[in-house]
Amino acid sequence: MSARPRRLRPMRLLIADLPTASVGPAGTFDGEPIGSPPSADSGRSRSPSPELARVFRPLEALGVELVVTETAQATEDALQSKPFDILVIDARAFGKGAARPWDRRARSGARKNGAIPILLVADPDDPIPAVVAGRALRGSQWDLVHRDAPPEELLLRTERIMDQVQLLDDLERARYHASHDDRTGLLRPLRFDARLREHFSAAQRHRLELALVLVDLDRFGEVNKAYDHTVGDELIARAGSVIRMSLRTEDVGARIGGDEFALILPYTQRVDAARVVTRLAGRFRALSGPPPQRYHGRSDEGQEDLLARSSGGSIAVSASIGFETFDGTDLRSPEELRQRAERALRSAKERGGNQGIYYRSLEEEEEWAPKILHPQPPPAPLTYTASLGNFPVSGDARLFRSEDLKGGEPKRSDHEDERLDAFDD
């Protein structure tokens with residue numbers, strides 16, 4: 001009894017059965033030297049390729065879905081309309097190696113998790129088109145198969161490409177999770193430290209502004225004690241969403257602790273950083289309300305509803321925020337920038353939370369605090385010794401005789417004007 005054929009994993013192949021370039025003498029391709037730029041008449045008629053669909057038809061019996069196109073435009077439209085696992089194309093369809101628009105789109109992310117891998121079909125007696133096509137596909141995921149290959153080899157080639165793509169996807173996913181927090185999608189601490197050093201170095205080199213903002217949720221431990229840990233996890237996820245929505249393209253957001261977040265704001269002056277802090281504080285307060293609870297179900301409309309609010313209790317959400325700025329010259333290292341932001345964050349928490357503190361404002365408070373907390377008696381008035389005795393020097397620096405003070409409005413004598421001039425000198 002013969003064994004039943006092994007079925008392939010579910011796959012959808014796009015067979016681009018395009019017109020191919022004619023093969024010229026040795027050292028030429030489509031009538032021009034290999035490597036030469038496309039000419040104005042490169043769109044002239046080309047010889048039709050053998051039907052690639054016929055070559056790959058045996059794979060349909062193993063569960064592979066085939067979609068066949070016969071023009072470049074139809075190929076591009078198919079790539080945009082639905083996802084494909086592999087693009088199959090004749091090596092000669094690449095012409096002189098110039099990547100066509102549909103080819104670039106195929107290699108730049110039309111597939112769900114990355115660029116579509118390409119399987120080139122070549123003639124064993126004509127290797128030059130395959131060499132040119134391989135050079136055009138450098139850096140992409142691709143493989144080569146001969147046109148007269150048996151179905152078993154076609155099966156192995158397609159599976160090999162899929163295995164390679166799966167390995168690359170797993171590697172990319174592992175890299176992402178190594179640098180991004182699973183709960184919030186923000187950067188992890190080590191990656192954030194590296195980005196902070198990069199941005200600080202760039203700001204220092206080009207004399208650009210940079211702001212560092214640190215955020216700590218207030219009383220988050222009480223939430224975990226009062227509710228199930230899933231409520232705390234969902235609150236962290238929503239706080240991470242607030243951070244992400246507040247970021248520009250060039251900004252960096254990270255989760256650096258359990259309920260601690262950080263933002264790097266390049267090209268941001270202190271006034272703009274204060275506006276960002278104000279918006280953040282308001283958005284965190286907007287998270288207040290009934291505690292969220294995750295569940296998997298469906299609403300009346302049949303759409304998946306991931307969040308539902310429980311009926312009991314309410315959570316008051318707020319955040320303590322500390323920030324510091326760098327103008328490109330006034331700090332020595334990213335560590336100093338972070339230490340200052342952390343000092344401002346501690347001050348915000350010590351003052352009850354739900355507020356943002358700028359480190360430079362703390363410096364001003366510390367400068368004026370001794371004068372406010374320990375007022376000094378006013379200094380004794382300056383005196384000038386003359387033959388008539390000691391006379392105080394008032395705020396407007398005038399000298400008066402004692403008898404002039406008895407009559408109401410003080411008067412100055414010529415002699416005292418001379419003494420005053422001498423005092424001023």
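Which residues in α8 meet Leu-280, Arg-283 and Phe-284 in α9? The legends below take up this contact and then two helices. The model is predicted, with local features needing pLDDT of at least 70 and side-chain atom pairs counting only at pLDDT 80 or more, while totals for chains, interfaces and linings use all residues. Residues are numbered from 1 along each chain as its sequence is written, and side-chain values use heavy atoms, with hydrogens and water left out.

**View 1. Contact of α8 with α9.** Ala-239, Val-242, Ile-243 and Met-245 in α8 meet Leu-280, Arg-283 and Phe-284 in α9, where contact means heavy atoms within 4.5 Å. These residues divide into 6 nonpolar, no polar and 1 charged.

**View 2. Crossing of α8 and α9.** The axes of α8 (residues 229-245) and α9 (residues 270-285) come within 10 Å and cross at roughly 150°, so the two helices are roughly antiparallel to each other (an angle over 145 degrees).

View 3. The 17 residues of α8 should span 24 Å at 1.5 Å a residue, which agrees with the 25 Å between its end C-alpha atoms.

**View 4. Helix α5 and what covers it.** Buried residues of α5 include Leu-154, Thr-158, Glu-159, Ile-161, Val-165 and Asp-169, and what covers the buried residues of α5 includes β1 (11-16), β5 (86-90), β6 (118-122) and α6 (189-206).

Key:
Axes fitted to C-alpha atoms, helices over the stretch in contact; angles between N-to-C directions. Helix = DSSP H or I, 4+ residues; strand = E, 2+ residues; numbered from the N terminus. Parallel < 35°, antiparallel > 145°, perpendicular 65-115°, else oblique. Nonpolar A, V, L, I, M, F, W, Y, C, P; charged D, E, K, R; others polar. Expected span 1.5 Å × (residues − 1). Buried < 20%, exposed > 50% of the residue type's maximum accessible area, 1.4 Å probe, protein only.
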